[in-house]
Amino acid sequence: MWSSALPLLVGLSPAVVFLLQLPDSSATQEGLWQDYKHGRQGPDSPGKKPFCSWKCLLFTLQWPGAFCQSLDKETLCEIPPSINNWTIHGLWPQKVGRCCSCWPMFQSDVQELHPELKEHWPSLLKTQSSFHFWKQEWEKHGVCAACVEGMNSPLRYFSISLQLRAQFDIHRLLEGGGVKPSCERPYKLAEVHPLLAPLLGDKHEVQCVTDAQGREVWFQVKIPISRNLTTGCDHHGDRDSLQGHPCPPQVPFYYLPIDHQDPRRPCG
């Protein structure tokens, strides 16, 4: 075979001959994908965790009235006029191994969810479209969750997130307990935790940021859930890179109102 092909090869440029010797990248990607689907380790990752080794997820809701306080540059923040409630920050598997980078996301993947996603999972940054935010969350976290049936596509992953948002209606809980956004009235963890625990579980985390005036400001809530989407998973998970931290138990914090005109300074 090689002797009959030799005249052909001699006539080809060195660059073409080099390309002919490269492995089939589509076959490599297919192998990675099959490994990923079944939680197997690839041959180049000895000793690493299987793809689907995680046990818990963090479903994280953020309060737009304080999101801007978490940013270094105040000009980056923008709250769409229609947003007046808690929004989704993400659904994040914890302590994951190496996740597959072979699953891109396109607008058409979540087209039917666009209205709900824009309402409940909007971008609050001027420099980032909502789709770019969703795509970033899918590529960083969704592909890690996708090894579990029920979240194994962008459509399913975002559908589950929207269902969790509807289930964890913390705005209704807080209003029912008399906890409302205010520039004057601070709250303590002991007032908020008992209102949220019956729905979110005892292991939820109320997070704050420190604003320019040195005050603790309520920023987001992290809800640990198991693979079967029940609350109370003991995650002890990865720390994200944002400035949020657990609200100190003894220090009052502010639940600031949303100001669409001047989101960085909702209280003037």
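What is the handedness of the link of Cys68 and Cys77 about the S-S bond? In this predicted model, the link of Cys68 and Cys77 is left-handed, with -50° about the S-S bond. The sulfur atoms of this disulfide lie 1.7 Å apart, and Cys68 and Cys77 are both buried. The description below places this link within the overall architecture and then turns to other disulfides, a helix pair and selected loop residues.

The protein has 268 residues, of which 44% count as buried. Its secondary structure consists of 9 helices and 7 strands. Considering contacts between residues at least 6 apart in sequence, 74% join residues at least 24 apart. A search of the whole structure gives 6 disulfides, among them the link of Cys68 and Cys77 already described.

A further disulfide connects Cys99 with Cys144, with an S to S distance of 2.0 Å. The torsion about the S-S bond of Cys99 and Cys144 is about 120°, and the disulfide is therefore right-handed. This pair links distant parts of the chain: Cys99 belongs to the loop between strand 2 (87-93) and helix 5 (114-120), whereas Cys144 belongs to helix 6 (residues 130-145), the two cysteines being 45 residues apart. Cys144 has a relative accessibility of 5% and so counts as buried, the cut-off being under 20%.

Cys208 and Cys247 also form a disulfide, in which the sulfur atoms are 1.9 Å apart. Here the torsion about the S-S bond is about 100°, so the disulfide of Cys208 and Cys247 is right-handed. Because Cys208 is located in strand 4 (residues 205-210) and Cys247 in the loop between strand 6 (245-246) and strand 7 (253-254), the pair ties together parts that are 39 residues apart in sequence. Both partners, Cys208 and Cys247, are buried.

Helix 6, which contains Cys144, also meets helix 7 (residues 154-167). Two packed helices are described by the angle between their axes and the distance between the axes. The axes of helix 6 and helix 7 come within 10 Å and cross at roughly 95°. Helix 6 is therefore roughly perpendicular to helix 7, since angles of 65 to 115 degrees count as roughly perpendicular. On the side of helix 6, the contact involves Trp134, Glu137, Trp138, His141, Gly142 and Ala145, which meet Pro154, Tyr157 and Phe158 in helix 7. By class, the contact of helix 6 with helix 7 comprises 6 nonpolar, 2 polar and 1 charged residues.

Several loop residues were examined individually. Ser70 is situated in the loop between helix 4 (64-67) and strand 2. With a relative accessible area of 4%, Ser70 is buried. The side chain of Ser70 reaches the backbone oxygen of Phe67 at a distance of 2.6 Å.

Two residues have a positive phi although neither is a glycine: Lys95, at about 55°, and Leu229, at about 70°. Lys95 is placed in the loop between strand 2 and helix 5, the loop that also holds Cys99. The relative accessibility of Lys95 is 40%, so this residue counts as partly exposed. Leu229 is found in the loop between strand 5 (216-226) and strand 6. Leu229 is likewise partly exposed, with a relative accessible area of 25%.

The loop between strand 5 and strand 6 also contains Gly232. Gly232 is partly exposed, having a relative accessible area of 31%. Along the chain, Gly232 and Gly201 are 31 residues apart, yet their C-alpha atoms are separated by 5.4 Å. Not counting residues up to four places away in sequence, Gly232 touches Lys203 and Pro224.

Note on methods. Residues numbered from 1 in each chain as written. Predicted model: local features only at pLDDT ≥ 70, side-chain atom pairs only at ≥ 80, totals over all residues. Heavy atoms only, no water. Disulfide = S-S within 2.5 Å. Buried < 20%, exposed > 50% of the residue type's maximum accessible area, 1.4 Å probe, protein only. Helix = DSSP H or I, 4+ residues; strand = E, 2+ residues; numbered from the N terminus. Axes fitted to C-alpha atoms, helices over the stretch in contact; angles between N-to-C directions. Parallel < 35°, antiparallel > 145°, perpendicular 65-115°, else oblique. Contact = heavy atoms within 4.5 Å. Nonpolar A, V, L, I, M, F, W, Y, C, P; charged D, E, K, R; others polar. Polar contact = N/O pair within 3.5 Å; in protein donor to acceptor, adjacent residues only side chain to side chain.
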